[in-house]
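Subject: Structure handover and notes

Hello,

Here is the structure for you to look through. Please keep it open while you read the notes below it.

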Amino acid sequence: MPKLTLLIGRKAMQVYDLDKETILIGREDDVDIVIDNPSVSRKHAQIRKEGAGWVVEDLGSSNGTFLHGEKISSAKPVKEGDEIGFGKFSVVFGKAVGDAVDQAAAKPAAKPAATDATGGTMQIKSHEVKELLKESERKRRAHLQWESGGRKGTCYLSDSPAVLFGTDELCDVKVPSGPKHHLLIIRSKDGYEARNLGGMFDSMKVAGKTTKRAPLKDGDVVQMKGLVVNYVADIA
């Protein structure tokens, strides 16, 4: 039985078993997959069985339906692994994807909307959509992936113009060892830069070069006395 995985902001939300021949996707309560968001039309698209295979068709939506990034104007055949997009949302046809999805818990997509909480209709409420999109957008912004003393973490630079690493309680990231104020990553005119606050006895390397202060580019690794920080730039 084919499966359908609903993705929001690249996060797998639910897996469905396609146990009926037409699956409706949209914003209205009487469709099979309900997404309460203005970018999705009331009845946006359908995936239906046709002969031995399946096709996807746009139902006159405002923002269009896309197959592998190309807008479709008529019913198009779909195969396992094809991604179907509408607004900022998408579904992957034919298989379950994503670590967050329990394939064994796949829901049937054939039940009507007027089912109880255990029924097959999947409803993504407006506030849930907003939070998921906000989190997805946040993850596309510049951030730091750090490791020190066996601990790991991520700092999103959109949350603050600067991140201070050190052993002091007031540091943004408290590390197990090192100076009270160890390393500062701060917004600059052209992006972000790393500054060594540890003094002359605590050398800092950026992209393999010893320095006291250096601008950062995507993929640069900052190393300081047991602290490793990887800089990830904004994703366009």
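Predicted model: local features only at pLDDT ≥ 70, side-chain atom pairs only at ≥ 80, totals over all residues.

Residues are numbered from 1 along each chain as its sequence is written, and side-chain values use heavy atoms, with hydrogens and water left out.

Salt bridges

A salt bridge here is a side-chain nitrogen of Lys or Arg within 4 Å of a carboxyl oxygen of Asp or Glu. The structure holds 12 of these salt bridges. Three of them are described here.

Glu28 pairs with Lys43 in a salt bridge, and their closest N and O atoms are 2.6 Å apart. This pair links distant parts of the chain, 15 residues apart: Glu28 is in the loop between strand S3 (22-26) and strand S4 (33-35), and Lys43 is in the loop between S4 and strand S5 (45-50). Helices (H or I, at least four residues) and strands (E, at least two) are DSSP runs, numbered from the N terminus. Glu28 and Lys43 also belong to a network of salt bridges together with Asp30.

How accessible are the partners? Buried means under 20% relative accessible area, exposed over 50%, and partly exposed in between (1.4 Å probe, protein chains only). Glu28 has a relative accessible area of 28%, so it is partly exposed. Lys43 is at 35% and therefore also counts as partly exposed.

In the salt bridge between Lys79 and Asp82, the closest N and O atoms are 3.4 Å apart. Lys79 counts as exposed because its relative accessibility is 56%, whereas Asp82, at 5%, is buried.

Arg213 forms a salt bridge with Glu193, with 2.7 Å between the closest N and O atoms. Here too the pair links distant parts of the chain: Arg213 is in strand S22 (residues 213-215) and Glu193 is in strand S19 (residues 191-196), 20 residues apart. Glu193 has a relative accessible area of 11%, so it is buried.

Positive phi

Most residues other than glycine have a negative phi. His68 is exposed, at 51% relative accessibility.

Ala207 also has a positive phi of about 55° without being a glycine. Ala207 sits in the loop between strand S20 (204-206) and strand S21 (209-211), and is partly exposed at 43%.

Regards
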